[in-house]
Amino acid sequence: MKKTFLAIFGIAIISAFISCGSTATLEPENKSTTEPVEQPEEKKEEAPAEPVAEDFSQANQALLEQAEKARLAAIEAGAEKYFPDKLSETDKIFEDVKKEVSENPSSDYSEKIKDVIKRYEALATASLAKEMKEKADEFGLSDPNGEKALSDFEASTASSDMNDNAKKALAAYSALLLQKLGEMAKTERSAALEAKKNADSVKAGVAKKTEYKAASDTFKKADSSFVTKDLEGAYKGYRSAKNSFTSLYEEIKEKRAQAQAAIERAKKRVSEAES
């Protein structure tokens with residue numbers, strides 16, 4: 001009986017164990033719901049903006065003012081005297097451009113106005129070269145390259161050619177005067193010093209104090225001009241001082257000679273009277 005009970009108890013325990021181990025596992029609930037997909041908003045294409053035309057009114061006005069200044073500079077340099085026809089031609093071009101600007105002020109006229117400015121600048125440069133040529137002629141100097149450049153300038157029609165030829169002419173005559181006038185000034189300085197030496201020999205500083213001081217001051221001023229590269233001023237100053245010292249020497253020398261002659265005559269008369 002006891003064995004039967006133990007057997008039944010063991011079977012019950014095994015059955016309970018099997019029952020617990022075979023408990024079904026619950027599968028997770030499979031949800032088939034789908035989330036809605038957001039559609040991107042359609043962008044409406046905007047119509048291209050109308051291009052805004054640039055306004056050049058102020059730029060044109062500023063350039064026109066520069067052109068007016070360039071014209072005045074050309075006239076001050078002597079364009080009316082040296083190149084009246086060329087100046088008239090440039091003035092005509094300038095007037096035409098100003099008319100165009102007044103009729104359509106907002107358009108870009110920078111290229112045309114800048115061309116006018118270059119023409120006036122070329123006239124100013126060529127006028128300076130022409131003035132230097134006159135000085136060279138005054139001193140008996142000449143430069144074939146400078147003369148050709150001035151001739152080419154007058155024949156030029158494009159502003160670039162006008163400027164190139166004007167600069168060539170100015171460079172040629174500047175170099176000529178710098179070299180030749182420098183040499184001439186040195187020569188005149190030496191001559192002025194020699195003339196001063198002669199004037200000192202006759203005591204010109206005492207006999208003609210005012211005139212002697214004026215000549216000395218002129219010589220000193222010429223020295224200053226030479227140092228500052230005003231070679232024309234130096235040359236003319238040395239030449240003036242030389243002439244003044246020479247005149248003083250000749251005048252005093254003549255008066256001394258006359259005085260000496262008078263003394264000799266007086267001596268002769270005394271000698272004759274005694275005999």
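**Contacts, helices and exposed loops**

Guide: Let us begin with one residue of this predicted model. Setting aside neighbours within four places in sequence, Thr90 is in contact with Val116, Arg119, Tyr120 and Leu123.

Visitor: Is Thr90 buried or exposed?
Guide: Thr90 lies in helix H4. Buried means a relative accessible area under 20%. Because the relative accessibility of Thr90 is 2%, Thr90 counts as buried.

Visitor: Which residues does Tyr120 contact, leaving aside its neighbours within four places in sequence?
Guide: Tyr120 is itself one of the contacts of Thr90. With neighbours within four places in sequence left aside, the contacts of Tyr120 are Ala67, Ala70, Arg71, Ala74, Leu87, Thr90, Asp91 and Phe94.

Visitor: Which residues touch the most other members of the largest nonpolar core?
Guide: The largest nonpolar core has 56 residues. Those that touch the most other members are Ile113, Tyr120, Leu123 and Phe153.

Visitor: Which element gives the most residues to this core?
Guide: The elements that give two or more residues to the core are helix H2 (57–77), helix H3 (79–82), helix H4 (84–103), H5, H6, helix H7 (159–201), helix H9 (209–227) and helix H10 (231–274). The element that gives the most, with 12 residues, is H7.

Visitor: How many helices and strands does the protein chain have?
Guide: Along the sequence, the pattern reads α-α-α-α-α-α-α-α-α-α. The count for the protein chain is therefore 10 helices and 0 strands.

Visitor: What percentage of the contacts between residues at least 6 apart in sequence join residues at least 24 apart?
Guide: The question concerns contacts within the protein chain, counted between residues at least 6 apart in sequence. Of these contacts, the share that joins residues at least 24 apart is 78%.

Visitor: What percentage of the residues of the protein chain count as buried?
Guide: The accessible surface of the protein chain comes to about 19600 Å², and 54% of that surface belongs to carbon and sulfur atoms. Of the 275 residues in the chain, the share that counts as buried is 29%.

Visitor: At what angle do helix H5 and helix H6 pack?
Guide: Helix H5 covers residues 110–138 and helix H6 covers residues 144–155. H5 passes H6 in a left-handed crossing. Their axes are 11 Å apart, and the packing angle is about 145°.

Visitor: How many nonpolar, polar and charged residues does the contact of H5 with H6 have?
Guide: H5 contributes Ala122, Leu123, Ala126, Ala129, Lys130 and Lys133 to the contact. H6 contributes Glu147, Leu150 and Phe153. By class, the contact has 6 nonpolar, no polar and 3 charged residues.

Visitor: Which residues does Ala149 contact, leaving aside its neighbours within four places in sequence?
Guide: Ala149 is found in helix H6, and at 5% relative accessibility Ala149 counts as buried. Leaving aside neighbours within four places in sequence, Ala149 is in contact with Asn165, Lys168 and Ala169.

Visitor: Is Ser216 buried or exposed?
Guide: Ser216 is found in helix H9. Ser216 touches Lys196 and Phe245, not counting residues up to four places away in sequence. The cut-off for a buried residue is under 20% relative accessible area. Because the relative accessible area of Ser216 is 14%, Ser216 is buried.

Visitor: What distance separates the C-alpha atoms of Ser190 and Tyr238?
Guide: Ser190 lies in helix H7 and, at 49% relative accessibility, counts as partly exposed. Ser190 and Tyr238 are 48 residues apart along the chain. Their C-alpha atoms are separated by 8.6 Å.

Visitor: Where does Lys203 lie?
Guide: Phi of Lys203 is near 60°, a positive value in a residue other than glycine. At 51% relative accessibility, Lys203 counts as exposed. Its place is the loop between H7 and helix H8 (204–207).

Visitor: Is Lys229 buried or exposed?
Guide: Lys229 is placed in the loop between H9 and H10. Phi of Lys229 is near 70°, a positive value in a residue other than glycine. Exposed means over 50% relative accessible area. Because the relative accessible area of Lys229 is 62%, Lys229 is exposed.

How values were computed. Residues are numbered from 1 along each chain as its sequence is written. This is a predicted model: local features need pLDDT of at least 70, side-chain atom pairs count only at pLDDT 80 or more; totals for chains, interfaces and linings use all residues. Side-chain values use heavy atoms; hydrogens and water are left out. Helices (H or I, at least four residues) and strands (E, at least two) are DSSP runs, numbered from the N terminus. Buried means under 20% relative accessible area, exposed over 50%, partly exposed in between (1.4 Å probe, protein chains only). Contact means heavy atoms within 4.5 Å. Accessible areas come from the Shrake-Rupley method with a 1.4 Å probe; for residues, only the protein chains shown count as cover. Axes are lines fitted to C-alpha atoms, for helices over the stretch in contact, and angles run from 0 to 180 degrees between N-to-C directions. A crossing is left-handed if the near helix is turned anticlockwise from the far one by less than a right angle, and right-handed if clockwise. Ala, Val, Leu, Ile, Met, Phe, Trp, Tyr, Cys and Pro count as nonpolar, Asp, Glu, Lys and Arg as charged, and the others, Gly among them, as polar. A nonpolar core is a set of buried Ala, Val, Leu, Ile, Met, Phe, Trp, Tyr and Cys residues joined through side-chain atoms within 4.5 Å.
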